[in-house]
Amino acid sequence: MASTITLEVSRYSPETDVAPHFQTFEVPFRKDWVVLDALNYIKDKKDGSLTYRWSCRMGICGSCGMLVNGEPKLTCATFLADYAPTPVRVEPLRNFPVVRDLVIAMTDFMRKLQRVKPWLIRKEEKPLSEGEYLQTPGQLDVYKQFSMCINCMLCYAACPVYGLDPLFSGPAAIALAQRYNLDSRDQGAKDRFPFLSQHDAIWGCTFVGECTRVCPKHVDPAAAIQQYKLTAAVEWIKSVLLPWGGK
Amino acid sequence: MEAKPSQLRLEPLLWILFSAGGVVAAFLIPVQLFLQGLVFPLGWAKGPDYATTAAFVAHPLVRLYLFVLCSIPLFHAAHRIRYTLYDGLQIKHLNEVIAVCCYGGAVFGTLVAGYLLWSFH
Amino acid sequence: MDQICVVALGWKMKSATTAPAYTLNHPRWYRKRVSTYWWLQRWEYLRFVLRELSSVFVAYFVLLTLFQIYLLSHGPQAYAKFQGLLKNPLMIAVNAVSFFFVVFHALSWFNLSARAMAVRVGGKRVPGVLISGSNIVAWLVFSVVVAWFLLRG
């Protein structure tokens, strides 16, 4: 087994560069190392100016999303051993503006996430004396998969529609909206409907399915979007057949 | 950003037509294309002759079946082609033109199918 | 966000008490243009576009069928001429390619519709494989029925 592996890392300095370029580093190859370990080694020993995001190093914070050989991945969960001996190319997430090196600007995603109102909406809150909102395991099962999202934005990097149309809400935002829509404690589905049932939200999705393939937490946002399309279509039929508004 | 009311009313309908067309096309088209495009012309099996086919198509239930087969899948194709042109070729400035051409073509095809099957003798 | 945009255009922000202007630092972000050939850059995207273009062959089938119905009502000679045309090797090739894409459309459709529906029986989620599998079985049943009608003459 080779003792080193080559990393081609995308570098971009907004003060001096017009476009990103690749810089090659030789990094020790350890069987248990992930790409994040290699990046940390580069920053510690080779080039301290290398800029990237990371935090928990265990696949739950969603900070370290990058493109590894063109594929959106969490670098803390991507083993060098899977790529050795070929070089590993590390780039910032696709479809986002690059701020510096491997760091992208995520303001757009944060704004879209806010607009789907990802919190429990109640018409009226129960008083404390009545205790908690109870939920059966069956009711939890309905939305649990969609609650696994760690906001890592790998799905946005994989989604071609988001790359082509910056106004598209994107997989994670809609999946999280569904997570709350399907929660038995939530009463805000009608509040989220106007934002979701429009061309820049669910109707822009063409079910490419890449978002589901790259999701590290198996959230299946594509399924969430298609299921919501069905809900929205049924709502539309109801609004056409009962224009005076049934509940 | 809230949707325009007209958009709220059209997109769900187009998606419903797209889904229905997909179901019809998936279940019913392969076998018919296989038989009429490959099996009968290549002589792997003997197809119905002219008189039998004409009598068959004239039956009202067959006319209805053929109408469904030749109308709704057109909307499925129109919807997919429209989005592929919109995304694939990035010609967003022609968005309205593409939509009108695609769905208009599907409507035209439906009318042709309806006319042909209604006036068949 | 609006503040950043305003400043990026080179305007200066003034505070309410007309103190000296303060320019917020905003680095020049790099935005990569999406190529017109984005769908060729990854196999997954190409497969997606091919899946979508299978609908073109669906439309082709509809037009072919409508043309056949049109000729049927114009007498045996016109219809027979068309049958002869169908035997042409070029037409056979076109129909073979169309058949491949139409089958690809059907199989990918069953796959997609299984993922798009959350079917629950007795509180447990039905696995997607069962849904697409039962769709394929139904597809075979429909095909046999249609074939029976066309083959018995």
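Student: Let's start with confidence. Which helix of chain C has the lowest mean pLDDT, and which has the highest?

Tutor: Among the elements of chain C, α1(C), residues 2-8, comes lowest with a mean pLDDT of 50, while α4(C), residues 89-116, comes highest with 94. Keep in mind that this is a predicted model. Over the whole of chain C the mean pLDDT is 85, and 87% of the residues reach 70 or more.

Student: And which scores does the model have as a whole?

Tutor: Its ipTM is 0.88 and its pTM is 0.88.

Student: What pattern do the elements of chain C follow along the sequence?

Tutor: Reading along the chain gives α-α-α-α-β-β-α, that is, 5 helices and 2 strands. Of the 153 residues of chain C, 19% count as buried. Taking contacts in chain C between residues at least 6 apart in sequence, 31% join residues at least 24 apart.

Student: How many helices and strands does chain A have, and what share of its residues is buried?

Tutor: Chain A has 9 helices and 7 strands. Buried residues make up 41% of its 247 residues. For contacts in chain A between residues at least 6 apart in sequence, 66% join residues at least 24 apart. If you want a sense of its extent, the C-alpha trace of chain A spans about 70 × 40 × 30 Å along its principal axes.

Student: I'd like to read the sheet next. What is the order of the 5 strands in chain A?

Tutor: A general idea comes first: in a regular strand the side chains alternate between the two faces of the sheet. In chain A, the open sheet has the order β2-β1-β5-β3-β4, with mixed pairing. Its edge strands are β2(A), residues 21-28, and β4(A), residues 71-74, each of which pairs on one side only. From one strand to the next, the twist averages 35°.

Student: Are β1(A) and β2(A) parallel or antiparallel, and how many bridges join them?

Tutor: They run antiparallel, and 8 bridges join β1(A), residues 4-11, to β2(A). You can find this pair on the structure by looking for A:Arg11, which stands opposite A:His21 in β2(A).

Student: In which sense does β1(A) pair with β5(A)?

Tutor: In the parallel sense, over 3 bridges. Here A:Glu8 stands opposite A:Arg89 in β5(A). β5(A) is also joined to β3(A) by 2 bridges, and those strands run antiparallel. In that pair A:Val68 stands opposite A:Val90 of β5(A).

Student: Which strands does helix α1(A) lie across?

Tutor: Helix α1(A), residues 35-46, lies across β1(A), β2(A), β3(A) and β5(A), and runs at about 95° to β2(A).

Student: Now for the contact between chains B and C. How many residues does each chain give?

Tutor: Chain B gives 44 residues and chain C gives 42. On the side of chain B that touches chain C, α1(B), α2(B), α3(B) and α4(B) each supply at least two residues, and α1(B) has the largest share with 14 residues. By class, that side of chain B has 31 nonpolar, 12 polar and 1 charged residues.

Student: At what angle do α3(B) and α2(C) pack, and is their crossing left-handed or right-handed?

Tutor: They pack at about 145°, with their axes 8 Å apart, and the crossing is left-handed. Residues making this contact include B:Leu66, B:Leu69, B:Pro73 and B:Ile81 of α3(B), as well as C:Val49, C:Leu53, C:Val56 and C:Ile69 of α2(C). Sorted by class, the contact of α3(B) with α2(C) has 15 nonpolar, 5 polar and 2 charged residues.

Conventions: Residues are numbered from 1 along each chain as its sequence is written. Chains are lettered from A and ligands numbered from 1 in the order in which they are written. This is a predicted model: local features need pLDDT of at least 70, side-chain atom pairs count only at pLDDT 80 or more; totals for chains, interfaces and linings use all residues. Two residues are in contact if their C-beta atoms, placed from the backbone, lie within 7 Å. Helices (H or I, at least four residues) and strands (E, at least two) are DSSP runs, numbered from the N terminus. Ala, Val, Leu, Ile, Met, Phe, Trp, Tyr, Cys and Pro count as nonpolar, Asp, Glu, Lys and Arg as charged, and the others, Gly among them, as polar. Two strands pair if DSSP finds at least two bridges between them. Axes are lines fitted to C-alpha atoms, for helices over the stretch in contact, and angles run from 0 to 180 degrees between N-to-C directions. A crossing is left-handed if the near helix is turned anticlockwise from the far one by less than a right angle, and right-handed if clockwise. pLDDT is the predictor's confidence in each residue, from 0 to 100. A residue is buried if 20 or more other C-beta atoms lie within 10 Å of its own, exposed if 12 or fewer, and partly exposed in between; C-beta atoms are placed from the backbone.
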